[in-house]
Amino acid sequence: MADGTVTKLRTAQPTFKVDGQEQAALGLGLLELCIEETVQGLYRCEVMFGNLGPRDGGTDFLYFDRKLIDFGKAFEVRLGTDVLFEGRITALEGAFLESTPPALTVLVEDRLQDLRMTRRTATYVDVTDQQVMEQLAGKHGLTPNVKVTGPKHKVLAQVNQSDLAFLRERCRAVDAELWMQGRTLHVQQRPARASAQAHKLGLGNELRELVVTADLATQRSSVKVSGWDVQAKDVLASEAGPSALGAELGSDESGASLLTSSKLGERKETVVHTVPLSSDEARAHAEACFRQQARRFVVGRGTAQTDAKLRVGGRVEFVGVGPLFSGKYTLVEVKHLFDRAKGLRTEFVAERPGLGKAS
């Protein structure tokens with residue numbers, strides 16, 4: 001760097017395993033790679049390989065015999081000894097373009113694909129969300145690691161939905177996030193999911209580019225949820241505010257508090273599309289809605305050096321970007337990318353509910 005500081009930036013190229021066996025030829029033939037994860041679950045990978053080369057004493061397509069690359073096979077992407085992605089092959093795409101040699105794109109998804117591809121109508125009676133999530137995991141032969149809090153429901157209905165869509169709906173209701181690790185289905189609320197130690201990203205080193213936005217247009221002073229208690233024959237109403245964030249806010253200033261102290265004034269919201277049947281359900285919905293909005297107050301979008309620690313749900317700490325935006329964030333979108341022009345890098349979206357103190 002111009003000031004003589006030694007940069008920590010490095011270049012790297014991923015390697016591949018198919019059905020547990022390392023395949024060096026795939027690494028040599030790699031053209032493009034995209035691995036994408038969000039808080040909605042379903043980790044997916046698209047990888048393009050050159051598909052023309054020497055074979056049986058001549059030149060031919062390399063992978064159309066389906067001996068190496070085939071539907072349902074386990075597929076793993078590694079960076080050194082670290083696993084960037086693991087899943088199963090669900091689609092193959094041939095590319096025959098005018099200006100480039102033939103290529104094969106392999107599309108891979110983690111085991112949440114089983115839930116995405118199963119649609120059903122079902123009713124769950126006198127259950128908590130945790131019990132429903134554990135039942136869904138069992139139906140697909142997955143090991144559940146579900147740790148969520150929430151009310152007990154008189155009835156929950158899954159109406160012509162995929163198991164993944166229904167699971168995502170229930171996760172939003174209790175402010176939880178889901179992801180797969182091997183054959184284990186994880187569902188946890190954000191404070192429990194976040195790692196104890198944040199991965200530091202220093203500008204000009206691990207952190208290549210960053211744009212951070214603090215936007216009050218997405219914020220509310222409070223969120224109110226109303227409903228009807230059938231048994232008591234009475235109106236239900238619950239309101240949630242900044243206290244719902246708990247320790248997540250730390251010493252930062254929340255969007256709700258800045259609304260109050262600014263000339264914009266308070267912005268209260270009433271949610272009418274939910275149908276809580278008890279006071280516990282109304283409170284859980286209100287708190288979940290408030291937290292989900294509050295966490296999007298400060299959003300950072302950037303590019304970093306690829307590291308297997310950069311996973312959705314993990315925490316990162318931006319260093320060297322000033323008092324307002326330096327600090328700890330939660331990753332909500334991660335995309336590992338590779339091409340021949342720019343090499344390997346990671347694009348991400350990270351968020352936090354508070355703005356740092358002005359200096």
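Which residue forms a salt bridge with Glu177? The partner is Arg190, the closest N and O atoms being 2.8 Å apart.

## Basis of the model

This is a predicted model, in which local features need pLDDT of at least 70 and side-chain atom pairs count only at pLDDT 80 or more, while totals for chains, interfaces and linings use all residues. Residues are numbered from 1 along each chain as its sequence is written, and side-chain values use heavy atoms, with hydrogens and water left out.

## Overall architecture

The protein contains seven helices and 25 strands, taken as DSSP runs (helices H or I, at least four residues; strands E, at least two) numbered from the N terminus. Its C-alpha atoms fill a box of roughly 80 × 60 × 35 Å along the principal axes. Of the 359 residues, 46% count as buried (under 20% relative accessible area, with exposed over 50% and partly exposed in between; 1.4 Å probe, protein chains only).

## Salt bridges around Arg190

The structure holds 21 salt bridges, each a side-chain nitrogen of Lys or Arg within 4 Å of a carboxyl oxygen of Asp or Glu. Arg190 also pairs with Glu351, the closest N and O atoms being 2.9 Å apart. Glu351 lies in strand 24 (residues 343–352) and Arg190 in helix 5, so this pair ties together parts 161 residues apart in sequence. Arg190 is buried, with a relative accessible area of 7%, and Glu351 is buried at 9%.

## Other charged pairs

Asp70 forms a salt bridge with Arg66, at 2.8 Å between the closest N and O atoms. Here Asp70 is buried, at 17% relative accessible area, whereas Arg66 is partly exposed, at 44%. Asp175, Glu248, Arg291 and Arg295 are linked in a salt-bridge network.
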